[in-house]
Amino acid sequence: MGGTEHLTVQREGATLVLTLNRPQARNALSLPMLVGLHDGWLEADADDSVRSIVLTGAGGSFCSGMDLKALAGNGMAGEEYRDRLKADPDLHWKAMLRHHRPRKPVIAAVEGYCVAGGTEMLQGTDIRVAAESATFGLFEVKRGLFPIGGSTVRLPRQIPRTHALEMLLTGRPYSAREAAAIGLVGHVVPDGTALTKALEIAERINSCGPLAVEAVKACVYETAEMTESDGLAAELTRGWPVFDTADAKEGARAFAEKRPPVYRRA
């Protein structure tokens, strides 16, 4: 498994856990962190034994946004990180899930600050768990900046437009309960338990047929902007092949035999 000094990677069964690990800076995004994230997404995509991904932060924070000094390379150890960015100028957008969508489900486990670039990256995840005292928000306009991580496009598609525009135009912080009320997160749990809840959800996903899970996720996103008729046609294109897999037959047998299924991605 990969990782860098600002991004740790570990396995929890069939779940790959990526942890933003720069707690002294509230896990502000640095180049080592972005490189680690980029590689983590690719590792999960390439490894068929990985069935889900959990993204979380160390030290009681999720992510407080971009550290511009670190991104410029000031005071960073390791020339190889700057070389990576030069080799792929799109690397940071892929890392932040702006220009890359993992084929496995991504579950965010949020404690503490999830603001600016943190809230932008959150919008690239599929399922979101927040601790009670978590804080969300897009602060860019208060600093005379633009939330260029995708929020002006994604946020109004994920939550009601009136709430999206208020978040984007006021730059104010939102509590976990407010975030849940507007649909930005799906679960609010006691402080210190977001990762536990996320892993619980991941384990439920892991027990399902992986080919079916990946096809369902892909279909949801690819049909999001289609007309209903086009979307239904695309659903058949994605869905029918799943019924012909060995995994589908195994699921039916296991149900009839009242036992847990053993899926083999076939």
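A: Let's begin with a term: two strands pair if DSSP finds at least two bridges between them. Helices (H or I, at least four residues) and strands (E, at least two) are themselves DSSP runs, numbered from the N terminus. A word on where this comes from: it's a predicted model, in which local features need pLDDT of at least 70 and side-chain atom pairs count only at pLDDT 80 or more, while totals for chains, interfaces and linings use all residues. Residues are numbered from 1 along each chain as its sequence is written, and side-chain values use heavy atoms, with hydrogens and water left out.

Now for the helix, H9, which covers residues 194–206. The expected span of a helix is 1.5 Å times one less than its number of residues.

Which residues of H9 are buried? They are Ala194, Ala198, Ile201, Ala202, Ile205 and Asn206. Buried here means under 20% relative accessible area, exposed means over 50%, and partly exposed is in between (1.4 Å probe, protein chains only). On the face of H9 turned away from the buried side you'll find the exposed residues Thr196 and Arg204.

So what covers the buried residues of H9? The cover includes the strands S2 (15–20), S3 (52–57), S4 (106–110), S6 (127–131) and S9 (187–189), along with helix H10 (210–222).

Let's follow some of those strands. S2 and S3 pair in the parallel sense over six bridges, and Leu18 stands opposite Leu55 in S3. S3 then pairs with S4, again in the parallel sense, over four bridges; here the bridge partner of Ile53 is Val106 in S4. S4 and S6 are parallel too, with four bridges between them, and Ile107 stands opposite Ile127 in S6.

How well covered are S3 and S4? In S3, six of its six residues are buried: Ser52, Val54 and Thr56 on one side, and Ile53, Leu55 and Gly57 on the other. S4 is mostly covered as well, with five of its five residues buried. Val106, Ala108 and Val110 take one side of S4, and Ile107 and Ala109 the other.

One last stop is the loop between S2 and helix H1 (31–46), where Asn27 sits. Asn27 has a phi near 55 degrees, a positive value in a residue other than glycine. In general, most residues other than glycine have a negative phi. Asn27 is also buried, with a relative accessible area of 0%.

Terms used: Contact means heavy atoms within 4.5 Å.
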